[in-house]
Amino acid sequence: MTVESTAARKPRRSSKRTAGAGARKTAADPELVQLLTPEGERVEHPDYAIDLSAEELRGLYRDMVLTRRFDAEATALQRQGELGLWASLLGQEAAQIGSGRALRDDDYVFPTYREHGVAWCRGVDPTNLLGMFRGVNHGGWDPNSNNFHLYTIVIGSQTLHATGYAMGIAKDGADSAVVAYFGDGASSQGDVAEAFTFSAVYNAPVVFFCQNNQWAISEPTEKQMRVPLYQRAQGFGFPGVRVDGNDVLACLAVTKSALERARRGEGPTLVEAFTYRMGAHTTSDDPTKYRADEEREAWEAKDPILRLRAYLENAGHADAAFFEELESESETLGKRVREAVRAMPDPEPMAIFDNIYADGHALVDEERAQFAAYQASFATESDGGVAAVEGK
């Protein structure tokens, strides 16, 4: 079985939604930037040109395949009880790899909790992403090592962090830029509106990259907004653009253009990557409760990996040996991730209180003492396994 066809192999389940539920409006309205059709045909756009070598195209394909393989392994590990939770990016690989490869090393990224592909582009070891979901650390990597901030669970707050960081960059006179990732559901949060306001007023060099996967958990976009998401930028005084989020070439070109605009001192841009979450919101979610099978099947035909493979094969940019070697590499990655997760040591219980505040905090000290007393209330093995709970 090939890695890139993961979505197509999902079992069909009958829809529990009413007839016609799969006929929701999609990318046909409004028009979006596209450089690679779902059939894998290369097209041009008057405002976003891109010229990549065969090697660079193969690199983008490799990024997406390996990211999907990692994501599939993480999902399996959660189902096996090795992770507490996992947020899959299945179907959103092009949006993340395309935008991630548009970044320079000195740019800074503020992600949500689903940007596994962007983390891959920034050189974060995939195994480091899993510690938090296994519950053995608070993040797993040094943000300044790769200019990739820790995952943010609070919905939308990272847009404010990104805006503040971008304002600092501007004051320092640097020509680097910042990207803040968020979803369509997060766009309804007040933090995002505040970030838009501050970034516009202070002309901050930040790109707001929204992966509109059309479902804020079980809430569709038509119940979240009255206008296409990218048009919201107009009300804050900066441009917005909608891009085909399943087209890795278009995502690369549009993000690169927005980053260059930011570096020239022209302020923020909102990029809406119109894509689709082909799996569940997280592993605690059941999308069959609220989505029609027909809708998912229509988007599986627009799979970002399959369309780039079609282009590579039709243009003669990749042969069978390349795909076979990549399949082997992806299986090796899956094995490495699986072994690394199972080998993660359990942290000391008291470590949960470490590194919360740089200089300590009275409330944390009090909570640490209470938890230490609670731990000490249980008998050790030398006590014969009898609980010595205080007061009993």
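User: Where is N203 found in this predicted model?

Analyst: N203 is found in the loop between helix 7 (190–201) and strand 3 (206–212). Helices (H or I, at least four residues) and strands (E, at least two) are DSSP runs, numbered from the N terminus. Residues are numbered from 1 along each chain as its sequence is written. The model is predicted, so local features need pLDDT of at least 70, side-chain atom pairs count only at pLDDT 80 or more, and totals for chains, interfaces and linings use all residues.

User: Why does N203 count as partly exposed?

Analyst: Buried means under 20% relative accessible area, exposed over 50%, and partly exposed in between (1.4 Å probe, protein chains only). N203 has 35% relative accessibility, so it counts as partly exposed. N203 also has a positive phi of about 55 degrees, although it is not a glycine.

User: What makes N147 count as buried?

Analyst: Its relative accessibility is 15%, therefore N147 counts as buried. N147 sits in the loop between helix 5 (143–146) and helix 6 (157–172). Its phi is positive, about 55 degrees, and N147 is not a glycine.

User: At what angle do helix 1 and helix 11 pack?

Analyst: Helix 1 (residues 54–79) and helix 11 (residues 304–315) pack at about 150 degrees, with their axes 10 Å apart.

User: Why is helix 1 called roughly antiparallel to helix 11?

Analyst: Angles under 35 degrees count as roughly parallel, over 145 as roughly antiparallel, 65 to 115 as roughly perpendicular and the rest as oblique. The angle is about 150 degrees, so helix 1 is roughly antiparallel to helix 11.

Notes:
Side-chain values use heavy atoms; hydrogens and water are left out. Axes are lines fitted to C-alpha atoms, for helices over the stretch in contact, and angles run from 0 to 180 degrees between N-to-C directions.
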